[in-house]
Amino acid sequence: MNDDLPIILDRAAVTPLATQVADAFRAAATDGQLRAGDKLPSSRRLADTLGVSRTVTSAAYDQLHAEGWITGKHGAGTFITTAPKPSPAHDVSYELPVGDEGLIDLAPGAPCVATIDKAAWRRAWRAAADHPSMIRPQRAGLPDYRAAVVEHLLRHRGLAAGVDSGTVLTTAGTSSATGELAEAVLQPGDAVAMEEPGYRRSVGALRAAGMTVVPVPVDAEGLCVDAIPQGVRAVYCTPAHQFPMGGRLPAARRVELVDRARRDGIIVIEDDYDGELRYDAAPLPLLASIGPDVVVHLGTTSKILTSALGVGWMVAPAAVAHAVLEHRDRTGTRPSPAGQLVVRELATSGDLARHLRRTRREVSERREFLVEQCTAAGLSVVGDDAGAHVVVLLPSAEAERAVVAAGRAAGIHLDGLKRHHFGPQSTFGIALGYTACSRAELHDSIPKVAALLAQFVPCPGTPT
């Protein structure tokens, strides 16, 4: 018999005492203090212990009995009948990893939300809320959103795509679309060539879909097309701004890749994750413009607006688009309508185009400051004049780890290249993003980071 139950009564509360007693027993049974089969004190004994009348404890027991929590056995007493099994001991291996909250974020892959016009943002959400509620999901995506994507691609990426052709589909972003493509078009075990170092989330999406991911090296100009092995069924690449090394795939390699795809029956997945962020020159023709019959073009709003919307787009050959829609029908998946409605409003009002102009100016100025500070510290940066990050190379994995650790100690989150390899690490350095933090944070932290990196990077002409 358990006489030590933590039943605490608040005699000033409006809740009746009998209800408080019953609540205390339920809580004790729920959290494991009481288990099925445990004997309870009699109503008279419990009343004496709590200093209340027996009417209170009898009413509590009557309520618990009616609910099935307790049962009375003639001549034996009152027992708990319902209680969950005790939870297993806490396993610290399931704890979430320590995040980078509170650190100045200089990792790549983030949008510059500082350039979002809050008034335009609110207008878009209000207009989206006025859209009639959907009855049936639209697997291809909302027609108005897809039409806005067509206009956006034509104006900002020079890609002529048509909703009527069935080649433009809404997605939940580039990583999600990569996995969806693999599941819809490829077979488990198929080999997919992937840039190394490359975008690890797409690697994860491909592997989750059952694909065999094959590394292909990159150089200062991006994917080494001549190193793609025989037998691959698809090639994933980021030709506008290779992630994370920042190279731009030259025209000759683009043509070579499309020719190879046509010759060997390969699907090319063109991830154009930040293609709108270019400052130095007009962009080269997209792979999808050169080879619309073999290239699937992917874009996203998560790098030009915010990851909160969770939408992107796919421009694919008709057969591929049809396979993706069939896959969605089988699995019941579809992209979020809410994000599509907001982007549609931003695009049709002209606010999206104005946002992109502001973002290009802001991000270009941030990049210029970062490069100036690195140059002043004797560092060279790697990466085309585009996007939202650069790379500073380091001589070893040890140096990379030391810089990341020193940055964290200084309150700065830095991203080493190790995590962007899915095979043995071949390139060492730090990918420096300049859009996740505020401009003030950037101006405060970059000189510190440049000085830190300079400790590990030999000056030009210094023997190594």
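## The largest pocket

A pocket here is an open set of grid points with protein on both sides within 12 Å along at least five of seven lines, and its lining residues have an atom within 4 Å of a point. The model is predicted. Its largest pocket holds about 770 Å³ of space. The lining is made by 32 residues. Pro108, Gly109, Tyr199, Arg201 and Lys303 lie nearest the pocket's centre.

Two elements give two or more residues to this lining: helix 6 (174–185) and helix 7. Helix 6 supplies the largest share, three residues. By class, the lining of the largest pocket splits into 11 nonpolar, 13 polar and eight charged residues.

## Enclosed cavities

How many cavities of 30 Å³ or more does the structure hold? There are five. The largest cavity has a volume of about 80 Å³. Its lining counts 13 residues. Nearest the centre of this cavity lie Arg157, Ala240, Gly275, Arg278 and Pro283. The lining of the largest cavity has five nonpolar, three polar and five charged residues.

The second largest cavity has a volume of about 70 Å³. Pro108, Gly109, Ala110 and Pro111 are among its lining residues.

## Aromatic pairs

The structure has four aromatic pairs. Trp121 and Trp125 form one that is edge-to-face, 5.9 Å centre to centre with 75° between the planes. Both belong to helix 4 (residues 118–129), and they are separated by about one helical turn because they are four residues apart. An α-helix has 3.6 residues a turn, so residues three or four places apart point the same way. Trp125 is partly exposed, with a relative accessible area of 37%.

A further pair joins Tyr199 and Phe243. Their ring centres are 5.5 Å apart and their planes stand at 80°; an angle over 60 degrees counts as edge-to-face, so this pair is edge-to-face. This pair links distant parts of the chain, 44 residues apart. Tyr199 sits in the loop between strand 6 (191–196) and helix 7 (200–208). Phe243 sits in the loop between strand 9 (234–237) and helix 8 (251–264). Are these two residues buried or exposed? Tyr199 and Phe243 are both buried.

Ring pairs tie Tyr199, Phe243 and Tyr273 into a cluster.

## Helix 12

Helix 12 spans residues 351–376 and has 26 residues. From its first C-alpha to its last, helix 12 reaches 38 Å. That is close to the 38 Å expected at 1.5 Å a residue. Gly378 follows helix 12, with a positive phi near 85°.

## Cysteines

The structure holds zero disulfides. For Cys112, the nearest cysteine sulfur is that of Cys437, 8.8 Å away. A disulfide needs sulfur atoms within 2.5 Å, so Cys112 is in no disulfide. Cys112 counts as buried, at 4% relative accessibility.

Cys374 is in no disulfide either. Its nearest cysteine sulfur also belongs to Cys437, at 13 Å. Cys374 has 1% relative accessibility and so counts as buried.

How values were computed:
Residues numbered from 1 in each chain as written. Predicted model: local features only at pLDDT ≥ 70, side-chain atom pairs only at ≥ 80, totals over all residues. Heavy atoms only, no water. 1 Å grid on protein atoms, 1.4 Å probe; cavity = no way out; pocket = protein on both sides within 12 Å on 5 of 7 lines; lining within 4 Å. Points joined across faces, edges and corners; volume = space filled by probe spheres on them. Nonpolar A, V, L, I, M, F, W, Y, C, P; charged D, E, K, R; others polar. Phe/Tyr/Trp six-rings, centres within 6.5 Å; stacked < 30°, edge-to-face > 60°. Buried < 20%, exposed > 50% of the residue type's maximum accessible area, 1.4 Å probe, protein only. Expected span 1.5 Å × (residues − 1).
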